[in-house]
Amino acid sequence: MSGFRAPACGSLRTADVGREVELYGWVSRRRDHGGLIFVDLRDRWGTVQVVFNPTAAPEAHRIAESLRAEYVVRVRGAVERRPRGSENPGLATGEVEVLARELEVLSPSKALPFPVEGEQEVDEAVRLRYRYLDLRRPRMQRILELRHRVNKVTHAYFDEHGFWEVETPLLTRATPEGARDFLVPSRLHPGRFYALPQSPQQMKQLLMVAGVQRYYQIARCLRDEDLRADRAAEFTQLDLEMSFCEEEDVFEVVEGWIGRLWREILDVELPRPWPRLSMEEALLRYGTDKPDLRYGLEIADLGPALAGTRVQVFRAALDAGGVVRGLAVPGGRTMARRELDDLVALARGAGGGGLAWLPGGPLDKFLSEAEQAGIRRLTGAGPDDLVLIAADRRRRAETVMGLVRQEVARRRGLVCEGQWRFVWIYPMFLFEEDAEGNLTYGHHPFTRPFEEDLPLIDERPYEVRAHAYDVVCNGYELASGSLRIYDRAMQERVFEILGLDRQTIQSRFGPLLEAFEYGVPPHGGIAPGLDRIVMLLAGTDNIRDVIAFPKTQSMVDLMMDAPGEVDEAQLRELHIRVEPPARGERGRAR
RNA sequence: GGUCCCGUGGUGUAGCCUGGCCCAACACGCGGCCCUGUCAAGGCCGAGAACGCCGGUUCGAAUCCGGUCGGGACCGCCA
């Protein structure tokens with residue numbers, strides 16, 4: 001039995017009429033007329049109707065009575081033109097049918113936990129539990145194929161541009177900062193651990209030292225951080241690195257690649273070059289480092305209009321070194337109280353104090369005429385518009401206004417669907433302030449500072465710009481990259497500014513620093529997130545949809561029931577003893 | 001670490017706000033019978049959930065309250 005060479009169910013056309021064929025596939029539907037039985041037989045290439053006639057083939061007909069949805073069968077029969085008037089124009093194979101002579105059930109199926117046919121919404125937990133059935137559904141099959149095509153175009157494109165794909169290790173070592181690592185215990189080295197790569201960052205830089213010059217890899221990356229709709233614990237990056245490049249070279253390579261994907265997969269021609277927006281401006285005008293440019297609703301800094309304000313919330317924020325930001329909602333004066341309450345809740349949920357609005361809000365009577373006029377001018381608010389205002393520490397006010405902007409656009413239908421607004425976020429800053437107010441890197445510690453900003457590095461480090469860039473489209477961060485430091489002294493200096501002591505530097509980055517002493521080409525690169533790109537191409541806002549076997553938000557594989565327990569013997573071999581979490585401590589009892 | 005939403009037969013929903021008419025309704029699916037041209041086939045009959053779980057309030061709870069488990073969205077986090 002080999003159905004491998006058999007014609008695909010979905011391939012049959014009128015040209016095949018008269019052929020005797022053997023078909024293999026799944027029973028998609030059975031229509032039993034008592035006499036005739038019709039079966040829609042499905043494989044990856046489509047569906048064809050098979051007819052069982054009790055007088056022409058009594059044995060096959062008898063077996064066909066037992067067929068149920070998703071049985072896997074082998075059918076032998078003749079391709080025939082359908083009787084006049086019974087063609088099905090909704091089916092690619094609709095002009096023909098297969099008159100069955102022989103039927104064999106290769107594998108029966110129990111009643112399904114949810115319909116594989118059609119596009120009905122099913123609870124995601126059930127889909128994940130039976131992912132192999134979920135993946136049979138037409139929508140998921142389309143996405144699997146789409147992702148395959150993205151990979152195929154990617155390999156072709158980078159090969160044509162002289163890149164080599166080099167594989168890098170999965171078992172590597174933990175990095176001091178960045179995301180939380182997944183660790184793998186070492187059997188041969190008690191008490192030591194490998195880390196799974198958060199990205200092949202150092203490896204690809206070492207490949208530049210190795211003279212590869214142009215490297216790419218479709219690389220799996222793993223980060224043990226909390227999940228989101230567009231974030232999975234294990235995800236795939238198109239990792240790439242180039243020697244002797246400037247950012248313009250990186251931009252050109254990436255724009256060319258994305259342009260080709262959109263052309264070949266969506267038949268869409270993206271305009272080039274893509275616009276650029278500095279990180280500073282993105283945060284100010286859009287309240288996020290990944291702005292969705294399919295709508296306006298730009299945020300304004302209201303500081304200038306409120307310099308002398310006596311309104312307590314604004315005064316307090318400004319005096320504490322914070323900001324007051326606002327945006328105008330077109331036609332927002334008619335906004336329902338309910339909707340405003342929801343926005344306030346959104347702001348609170350983001351850790352903000354709340355939201356003020358104008359006019360009609362509680363602050364109207366405390367704001368002077370001049371202040372109100374100033375706010376209207378800065379936000380560009382017209383007579384029918386409502387101004388939403390947040391006052392807070394800069395970073396939090398940005399987060400709040402960014403979320404408000406997004407929510408207002410969504411609710412009021414201001415998003416221009418069907419647009420692809422790619423933008424480079426460039427330049428970015430070398431350093432940022434973390435939650436505790438400490439200095440940390442903006443992109444990663446290997447990022448090259450602007451030469452002309454170096455004099456600022458000790459006095460005003462936050463003003464040092466970096467050769468770092470992100471690709472953003474429609475509110476998604478699709479790629480992140482930079483030109484790298486290739487000078488040992490400079491790299492050590494940046495590590496020191498970041499507060500790493502000599503010993504840590506030596507133990508974690510020693511090999512890279514040493515490599516920098518043997519002739520390093522200036523280099524840079526970028527790492528697009530393939531999952532998110534496939535999300536956009538597939539038109540979904542859920543990253544799990546584009547991963548064949550994803551985990552839930554709590555990182556559980558509902559199908560394999562991972563993570564699972566292991567034998568005591570296995571643990572002993574790895575020199576591991578488990579200390580169960582105490583009550584109230586983080587961790588789940590099983 | 002935090003905030004919010006959801007959890008009713010196999011699936012999708014209704015009922016829940018305004019407790020008793022609900023020993024829970026509808027559609028699809030499932031089982032049986034009838035039916036030789038259907039393709040969301042059709043017709044008739046039937047089975048299937050004490051409403052995630054635990055506890056409370058009440059004369060009475062799917063409906064109210066608390067906890068817990070599971071799923072999801074978001075803030076923090078994610079170089």
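**View 1. Ala350 meets the sugar side of RNA strand B.** In this predicted model, a polar backbone atom of Ala350 sits 3.2 Å from a sugar or linking oxygen of RNA strand B. Tyr441 also approaches an oxygen of this kind: a polar atom of the Tyr441 side chain lies 3.3 Å from a sugar or linking oxygen of RNA strand B.

View 2. Among the RNA strand B atoms within 4 Å of the protein, sugar or phosphate accounts for 54%, and bases make up the rest.

**View 3. The residues around RNA strand B.**

**View 4. Strands and helices beside RNA strand B.** Look for strand E1 (20–32) and strand E2 (37–43), together with helix H2 (124–129) and helix H11 (394–411); each of them provides at least two residues of the surface near RNA strand B. E1 gives the largest share, with three residues.

**View 5. A nonpolar patch on the surface.** Let us turn to another spot. Leu170, Leu171 and Tyr194 make up a nonpolar surface patch, and their accessible area together is about 280 Å². To find Leu170, follow the loop between strand E6 (164–165) and strand E7 (183–185).

Key:
Residues are numbered from 1 along each chain as its sequence is written. Chains are lettered from A and ligands numbered from 1 in the order in which they are written. This is a predicted model: local features need pLDDT of at least 70, side-chain atom pairs count only at pLDDT 80 or more; totals for chains, interfaces and linings use all residues. Side-chain values use heavy atoms; hydrogens and water are left out. A residue is near a molecule or strand if one of its heavy atoms lies within 4 Å of it. A polar contact is a pair of N or O atoms within 3.5 Å; within protein, one must be able to donate a hydrogen and the other to accept it, and residues adjacent in sequence count only if both atoms are side-chain atoms. Helices (H or I, at least four residues) and strands (E, at least two) are DSSP runs, numbered from the N terminus. Patches are made of residues with over 30% relative accessible area and no salt bridge: like charges are joined within 9 Å, nonpolar side chains (Val, Leu, Ile, Met, Phe, Trp, Tyr) within 5 Å. Accessible areas come from the Shrake-Rupley method with a 1.4 Å probe; for residues, only the protein chains shown count as cover. A salt bridge is a side-chain nitrogen of Lys or Arg within 4 Å of a carboxyl oxygen of Asp or Glu.
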